[in-house]
Amino acid sequence: MTEQEYNIQIDYIFNRFPSFQKVGASAYKPGIESVKTLVEQLGNPHGKFRSVHIAGTNGKGSTSHMIAAALASKGLKVGLFTSPHLIDFRERIKTSTADGTFVMLPKDFVYNFIKDNRQRFEELNVSFFEITTAMAFCWFAQSKVDIAVIECGLGGRLDSTNIITPLLSVITNIGLDHCALLGDTTEKIAAEKAGIIKPGVPAVIGEASGVAQIFRNKAQAEGSSIYFAEDSDFEQFEETLRKMDLGGACQRRNLRTVLCSLSILNPLISSIFPHSGDSSAAPVEKPVCKTIASEELSAIENAAKTTGLHGRWEILSREPFMVCDTGHNPHGFALLGRQIRTEYEKWRGKHPGARLLMIFGVMADKDLDTIIDYLPVDAEYIFVSPGTPRAMKAKALEDKMVELGFKSFRKPEYNGRGIEFDSEGRIAVVLSQYRETMRDDDFVFIGGSTFVVAEVLESFEAGKSV
């Protein structure tokens, strides 16, 4: 297999079966019948390993990576399936190694899986995400993982991943996102995500989000124990939070969800894998003031490094201070907006006169009005448009936000150097132009979309950074 042959197969599934990441709602295929048929033809690989299932509006990725890192620290071989990817498609599917770090699945497996199943994909008319889900399950089965952490794509009830019966179901939180697909109220969205709660399988709810009764009703109907992480108290919480390499104000909530989940999982895992802990441990009914093992806490503290997770309040430069975050909906920006303001004020305390700059882009299918109130109005904005058909054009975004009272740094009268920033908002070009006007005391936030962060990280990885 050559690199060119590999790229042909990857291009095939991206073009023949467009992903939600690429084209948005038109790629969404609700329902699990097609993926059930596909995995049956592949030998039902998801029945060959244990799993943890994670849904929610925000925090799924961070929560999944932290739980996976903690499980790997117990000597288990762990699979990790998340989405979307930022740079490399294979970021979606990882397995742990003997030292607890995670590696992407090899290119030759991806190549052969796609090549050998092309006819099957077309006959079943499966979606990109169904293909990816089946690929992950097959790789985890072939790798003989003990347990896999599986992140939902959209929703839960009709998500392709919902064919598994996990040891634990986790729902991080509920907010308004993908409303056209999942419902236009938190109650409707909660009902969809509650669909991952399985008969007799315990469920952890990270944040009640004002819809706790919906989760209670579903758990009762399924005969499942339910735990609300907000009711939990862990002795090592603040110290662990302080040491974590995953940044962002949202991690306080995510960490509580993770610790609560582990307090439920650990006794279950110990009874299945005696080498992983105390086999005499019994399931808890209410995880209050529980103590998590030190090796698990250490793994959580280093989760970004060991699993390779990027884009969560990730610091790219210290002078100027540049940080990126993949937050992109109102539930996420409610926290993110406050964090930008708080961290900028701290920075300005040490650097009087520091500028607050926002390199900012959004998807055209997102309701910009729902996050406007959380954005700093006194910042200066450089509007960008990542290279995807879903992106809002930089000029359209600029016109709308300037009309609402936001300042465009692209205009020469604002940036002070007479530089007319790229009107198309091409991210690599904008970063290069910013280099001409940057100051060491700038505070720069980059985000608004996963795609913006992905292209920025790719630029930094390629050595094109400021």
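Predicted model: local features only at pLDDT ≥ 70, side-chain atom pairs only at ≥ 80, totals over all residues.
Biologist: Is I163 buried or exposed?

Modeller: The term buried is used for a relative accessible area under 20%. I163 has a value of 14%, and therefore it counts as buried.

Biologist: Which residues does I163 touch, leaving aside those up to four places away in sequence?

Modeller: I163 touches I32, V35, K36, V39, H46 and F137. For a sense of how the fold brings parts of the chain together, take E33, which is 130 residues from I163 along the chain, while the C-alpha atoms of the two are separated by 9.2 Å. Across the protein, among contacts between residues at least 6 apart in sequence, 72% join residues at least 24 apart.

Biologist: How many helices and strands does the protein have, and what share of its residues is buried?

Modeller: The protein has 19 helices and 14 strands, and buried residues account for 58% of its 466 residues.

Biologist: How do I read the pairing of a strand, and which strands pair with β1?

Modeller: Strands of a sheet pair through backbone hydrogen bonds, in either a parallel or an antiparallel sense. Here β1 pairs with β5 in the parallel sense over five bridges, and H53 has I150 of β5 as its bridge partner. β1 also pairs with β6 in the parallel sense, over four bridges, with L168 of β6 as the bridge partner of V52. Five of the six residues of β1, which spans residues 50-55, are buried, so the strand is largely enclosed by the rest of the structure.

Biologist: In what order do the strands of the six-stranded open sheet follow one another?

Modeller: The order is β9-β10-β14-β11-β12-β13, and the pairing in this open sheet is mixed. Its edge strands, each pairing on one side only, are β9 at residues 314-318 and β13 at residues 407-408.

Biologist: What joins β9 to β10, and in which sense do these strands run?

Modeller: A hairpin joins β9 to β10 through two residues, and the two strands run antiparallel, with four bridges between β9 and β10, the latter being residues 321-325. In β10, V323 is the bridge partner of I315, while M322 is the bridge partner of S317. The loop between β9 and β10 also holds P320, and the peptide bond from E319 to P320 is cis, with omega near 0 degrees.

Biologist: Where else can I look at a cis peptide bond?

Modeller: One joins S83 and P84, with omega of about -5 degrees, and P84 is found in the loop between β2, residues 78-81, and β3, residues 93-96.

Biologist: Which strands do helices α16 and α19 lie across?

Modeller: To read such packing, note both the strands that a helix covers and the angle of its direction. Helix α16, residues 394-403, lies across β11, β12 and β13, running at about 155 degrees to β12. Helix α19, residues 450-461, lies across β9, β10, β11 and β14, and runs at about 120 degrees to β14.

Biologist: What lines the largest cavity, and what is its volume?

Modeller: The structure holds one cavity of 30 Å³ or more, and the volume of the largest cavity is about 30 Å³. Its lining is made of F383, A394, K395, E398, R410, D422 and S423. Helix α16 gives the most to this lining, with three residues, and by class the lining has two nonpolar, one polar and four charged residues.

Biologist: What is phi for K144 and for S209, and where do these residues sit?

Modeller: Phi of K144 is near 55 degrees, a positive value in a residue other than glycine, and K144 sits in the loop between α6, residues 128-143, and β5. With a relative accessible area of 66%, K144 is exposed. S209 also has a positive phi, near 55 degrees, and its place is in the loop between β7, residues 203-205, and α9, residues 212-222. S209 is partly exposed, with a relative accessible area of 25%.

Technical notes. Residues numbered from 1 in each chain as written. Heavy atoms only, no water. Pairing = 2+ DSSP bridges. Contact = heavy atoms within 4.5 Å. Axes fitted to C-alpha atoms, helices over the stretch in contact; angles between N-to-C directions. 1 Å grid on protein atoms, 1.4 Å probe; cavity = no way out; pocket = protein on both sides within 12 Å on 5 of 7 lines; lining within 4 Å. Points joined across faces, edges and corners; volume = space filled by probe spheres on them. Nonpolar A, V, L, I, M, F, W, Y, C, P; charged D, E, K, R; others polar. Buried < 20%, exposed > 50% of the residue type's maximum accessible area, 1.4 Å probe, protein only.
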